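Biologist: I have a structure open and would like to learn how to read some of its features. Could you walk me through them?

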Amino acid sequence: MTTCTGCSLLCEDIELVLKTGAISEAKNLCRKGQGHFQALFTERTKPMIDGKEVTLDQAIAKAAEILKNARTPLLYGWSNSTLEAQTVGINLAKKIGAFIDDTSSFCEGLLMERILNGKIPTCTLDDVRNFADTSVFWGTDPSNSHPRHLSRFSYYPRGEKRQKSYEEERTCVVVDVRKSATAHLCSNYYFRVPPDGDAEFLESILTVLDGKIPKTGDKKRLIELGTILKKTEFGVIFPGPGMIYSMQDKMDLFEELVARLNEITTFKVIPMVGHYNMRGFNQLMLGQTGFINSVSFRGGAAGAATTHGPEQGVALAAKSSDAALIIGSDPLSALPFGTARALAHIPLIAIDPRRSLTTDAAQVVIPSALSGLEAGGTALRMDGTRISFEPITESERLSDEQILTRIMEAI
Amino acid sequence: MSVELKIVCFEDIFQYESGEKSRFSDEYRQLSAVILLDKQDMASLGVKDGDKVLVENEISKIVVAAKTTDDEPHAGLAFMINSVWSNQLLRDDLCNASVPRFKGITARVAPSQEEVTQISEIVQRLRA
């Protein structure tokens with residue numbers, strides 16, 4: 001039995017039989033998790049410097065040298081690392097006076113900050129399974145992004161107060177710009193919004209909740225949605241990147257909606273975090289700096305002048321850094337062209353279990369163990385629940401935590 | 001003939017699984033380098049499923065395969081799966097909330113006789 005680190009559901013009931021070079025049997029593993037664990041056997045990284053294979057010691061020494069000599073280093077990634085590795089990473093950033101940022105700065109961070117600061121009420125996924133009668137998936141498609149979300153927590157399972165079948169006891173609402181797989185499942189309550197139209201849609205819901213007729217949109221359907229929300233006993237909204245990219249700086253409006261709903265009934269919010277431990281990084285950073293991401297420790301640990309803002313986020317920091325350590329992430333593939341190009345033009349250190357565009361462009365590649373299979377640790381599920389896991393197979397590769405500790409020691 | 005479109009990106013589990021195994025495989029390219037178009041836009045462009053189209057904006061350009069969506073009508077709006085192909089077209093300036101405009105790509109789409117952009121070509125562009 002192991003924990004899947006393929007997404008932020010951190011499913012703990014995975015049964016695997018490993019044979020040489022393949023997973024021969026798997027139970028409870030979704031397609032996404034299958035791909036994640038199959039990567040154990042494909043395109044693994046090796047210690048490299050300037051495209052040439054070296055020893056692990058040489059790669060770590062070179063990484064330490066690059067970071068030590070950098071004036072404005074950036075440490076980026078972190079959402080696919082354990083809490084233990086993230087802790088060492090934050091200490092490393094303090095020691096060398098680096099920028100540090102994770103993937104949340106360009107996705108769920110805007111919402112997570114409000115959740116962690118207590119501005120928006122939240123709950124656990126176990127609460128969702130036990131009590132929720134309405135789930136609202138807004139700008140997210142869990143059937144593709146978190147394949148077991150509906151079956152383990154939000155729609156299909158029976159829970160403490162939801163003993164009858166999902167057709168009788170649970171309502172699933174989807175708000176999205178396209179008719180996604182999840183929208184097909186919940187087609188009765190699929191609400192299509194135009195691109196960048198989420199704020200207007202949200203204002204219409206607020207109007208309906210106030211007992212007025214909305215000025216825009218399908219009035220009949222909006223009133224129907226208002227009725228569903230008002231009759232809900234325990235509702236949960238799951239906002240995804242689609243909603244956040246559309247709302248942008250209007251997240252106050254979302255906060256207002258949640259507050260208004262809670263005047264009528266009970267509504268909680270759980271962000272649809274993608275990577276398995278993004279929330280862990282955000283929570284650690286908040287505890288240590290007061291900010292969830294995008295921080296600079298320039299000045300070093302002694303005189304650390306902690307600053308936070310867009311300039312400290314990866315999108316801009318990539319252009320002002322003279323070296324970067326990338327851990328468990330492939331920004332050359334996942335970030336906008338200009339940001340990826342900026343990173344490709346500075347010395348990169350890539351710590352990753354497998355090959356990516358970023359490891360190919362890196363001056364130094366350090367292979368790492370795959371969390372959940374080859375390395376244990378602790379992580380925070382998307383709802384903040386702490387999950388610990390042990391490795392299920394032996395590996396010669398070091399964990400992220402071990403690699404970062406050795407780099408720290410060498411600086 | 002070309003059309004100006006807004007492109008919204010989304011996640012697909014089959015493409016994601018493929019990318020987890022390898023970002024450099026033919027399968028990953030075939031699943032990623034695709035633009036989903038409305039029937040009306042397909043007709044305006046004179047292309048059918050599998051035909052190649054050039055998607056170009058002020059940031060970059062890529063050649064991908066066109067495919068008709070089975071979604072409700074959405075002329076003027078196209079969809080692409082999140083990948084290094086779609087990100088080639090993405091501006092890196094930040095919006096008011098300091099996030100990149102991942103849902104706000106605008107691009108001109110036209111039929112193309114060229115082959116789908118290879119990942120090796122994208123890597124060269126990033127390093128150029």
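**Cysteines, a helix and a sheet**

Modeller: A disulfide here is a pair of cysteine sulfur atoms within 2.5 Å. Please keep in mind that this is a predicted model, where local features need pLDDT of at least 70 and side-chain atom pairs count only at pLDDT 80 or more, while totals for chains, interfaces and linings use all residues. Residues are numbered from 1 along each chain as its sequence is written, chains are lettered from A and ligands numbered from 1 in the order in which they are written, and side-chain values use heavy atoms, leaving out hydrogens and water.

Biologist: Is A:Cys30 buried or exposed?

Modeller: With a relative accessible area of 18%, A:Cys30 is buried. Buried means under 20% relative accessible area, exposed over 50%, and partly exposed in between (1.4 Å probe, protein chains only). In chain B, B:Cys9 is in no disulfide, and the nearest cysteine sulfur, in A:Cys107, is 14 Å away. B:Cys9 is buried too, at 3%.

Biologist: How many disulfides does a search of the whole structure find?

Modeller: One, over all chains. It joins A:Cys172 to A:Cys186, with 2.4 Å from S to S. A:Cys172 sits in strand E8 (residues 171–176) of chain A and A:Cys186 in the loop between helix H9 (181–185) and strand E9 (190–192), so the pair links distant parts of the chain, 14 residues apart. Helices (H or I, at least four residues) and strands (E, at least two) are DSSP runs, numbered from the N terminus.

Biologist: Why is this disulfide called right-handed?

Modeller: Because the torsion about the S-S bond of A:Cys172 and A:Cys186 is about 60 degrees. Both ends are buried: A:Cys172 has a relative accessible area of 3%, and A:Cys186 has 4%.

Biologist: What does A:Thr182 touch?

Modeller: A:Thr182 lies in helix H9 of chain A and is buried at 0% relative accessibility. Contact means heavy atoms within 4.5 Å. Not counting residues up to four places away in sequence, A:Thr182 touches several residues, including A:Phe137, A:Pro142, A:Leu150 and A:Val174. Its side chain also makes a polar contact of 2.5 Å with that of A:Asp141. Such a contact is a pair of N or O atoms within 3.5 Å; within protein, one must be able to donate a hydrogen and the other to accept it, and residues adjacent in sequence count only if both atoms are side-chain atoms.

Biologist: How do I read the buried side of a helix?

Modeller: An α-helix has 3.6 residues a turn, so residues three or four places apart point the same way. In helix H19 (residues 400–410) of chain A, A:Asp400, A:Ile403, A:Leu404, A:Ile407 and A:Met408 are buried. They cover an arc of only 135 degrees around the axis, which puts them on the same side of H19(A). The arc is that of the directions from the helix axis to the C-beta atoms. Among the elements that the buried residues of H19(A) pack against are helix H2 (56–69) and helix H3 (83–96) of chain A.

Biologist: And what is the order of strands in the open sheet of five strands?

Modeller: The order is E9-E8-E7-E10-E11 (chain A), with parallel pairing. Two strands pair if DSSP finds at least two bridges between them. The edge strands, E9 and E11 (266–269) of chain A, each pair on one side only.
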